[in-house]
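Work through the exercises below with the sequence and the model at hand. Each task is followed by a stepwise solution.

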Amino acid sequence: MNYRKLGKTNLNISEISLGTWQVGGKWGSGFDDATAEKIINTAIDNGINFIDTADVYENGLSEAAVGRVLRSRSEEIYIATKCGRQINPHVDAGYTVKALRQYVEASLKNTGLERLDLIQLHCPPTDTYYRPEIFGLFDDLKQEGKIANLGVSVEKVEEGIKAMEYDNVTTVQIIFNLFRQRPAELFFREAEKNDIGVIVRVPLASGLLTGKFNQNTSFDQEDHRNFNRDGEAFDKGETFSGVDYETGLKAVNELKNLFPDAENLAPIALQWILSHKTVSTIIPGASKEAHVLSNLSAVAKPNLTKDQVEKMNAIYNKNLKAQVHQKW
């Protein structure tokens, strides 16, 4: 495993880490504690020392599983969780100092930890980024010893850049992958200037970049890849990175032609992200142990060549850029 500095937190974390949205099993399957613990332990056994979760993942079951495993291990493992998405309706008015404090304290109880290494606002509405009192709360929580660092998870580049204006924001979690390239421009430059840790989520475009889907692939009724393709439930950009499914399949087929010997495109897609040195870590999800090992295989493979990266970018520019580049 290789490790990178997580911005001004000064934590050295695994460049491929673990996201736990589906760690208890595939979408729509319910939550299985044994599966979750196996996946998390497999990740740690293979050098992962940073695990991202949230209080809303399976109504806190994911967060609790992460806490159980961390308490059972002797290694120094860093936990990042999130708060705010419990607010319903999810609007700026629902973001209050009192509510967010309660969420943080609930996460501490749920994980069984005395302090959270990183707490992240969970994709708050854009207006919330203009309220200093919300960000000031986390200075108080840090002084109380309940959190070590504050970050934000964002939908849009503009939100990430606005968040950096607050001195206590140390990380920004953002969607970035071969099919969502805009963050590599102004956002990355500002992150470097402000020593912000960049946590990459949705790195495989909801699985599209594995190369395992086709026109006949079906998704469970409870899977967002079935019900949120046009943003019916939450931001469209969370599902296939906002890319039209058919257009995405066309681009993936071109990627397969570029790497004809690859049975699984996921490690290649992760390597493309890691070729950007501004990235601190990637947090691909996993619903089984094999997914963890597949993701980690990206670290062991030879780096992509400059020519390969350029040809991968050309696929994006040809097929997808006009459709998605300026939207997020």
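## Salt bridges and a pocket

A search of the whole structure finds 21 salt bridges, a salt bridge being a side-chain nitrogen of Lys or Arg within 4 Å of a carboxyl oxygen of Asp or Glu. The model is predicted: local features need pLDDT of at least 70 and side-chain atom pairs count only at pLDDT 80 or more, while totals for chains, interfaces and linings use all residues. Residues are numbered from 1 along each chain as its sequence is written, and side-chain values use heavy atoms, with hydrogens and water left out.

**Exercise 1.** Describe the salt bridge between Glu144 and Arg101 and place its two residues.

Step 1. The side chains of Glu144 and Arg101 meet at 2.9 Å, N to O.
Step 2. Glu144 lies in the loop between helix H4 (132-143) and strand S7 (150-153) and Arg101 in helix H3 (residues 97-111), so the pair ties together parts 43 residues apart in sequence. Helices (H or I, at least four residues) and strands (E, at least two) are DSSP runs, numbered from the N terminus.
Step 3. Glu144 is partly exposed at 40% relative accessible area, and Arg101 is also partly exposed, at 22%. Buried means under 20%, exposed over 50% and partly exposed in between (1.4 Å probe, protein chains only).
Step 4. A network of salt bridges links Arg101, Glu105, Glu144 and Lys146.

**Exercise 2.** Are Arg201 and Glu238 buried or exposed, and which parts of the chain do they link?

Step 1. The closest N and O atoms of the Arg201–Glu238 salt bridge are 2.7 Å apart.
Step 2. Arg201 is in strand S9 (residues 197-201) and Glu238 in the loop between helix H7 (224-227) and helix H8 (245-258), 37 residues apart.
Step 3. Both Arg201 and Glu238 are buried.

**Exercise 3.** Locate the salt bridge of Lys318 with Glu254.

Step 1. The two side chains meet at 3.2 Å, N to O.
Step 2. Lys318 belongs to helix H11 (residues 306-319) and Glu254 to helix H8, 64 residues apart.
Step 3. Lys318 is exposed, with 61% relative accessible area.

**Exercise 4.** Characterise the second largest pocket by its volume and the classes of its lining residues.

Step 1. The volume is about 210 Å³.
Step 2. Of the 13 lining residues, Gln271, Leu274, Ser275, Lys277 and Asn303 are the closest to the centre. On a 1 Å grid over the protein atoms alone, a pocket is an open set of points where a 1.4 Å probe fits, with protein on both sides within 12 Å along at least five of seven lines; lining residues have an atom within 4 Å of a point. Grid points are joined across faces, edges and corners, and a volume is the space filled by probe spheres set on the points.
Step 3. Helix H9 (266-274) and helix H10 (289-300) each supply at least two lining residues.
Step 4. The lining has 5 nonpolar, 4 polar and 4 charged residues. Ala, Val, Leu, Ile, Met, Phe, Trp, Tyr, Cys and Pro count as nonpolar, Asp, Glu, Lys and Arg as charged, and the others, Gly among them, as polar.
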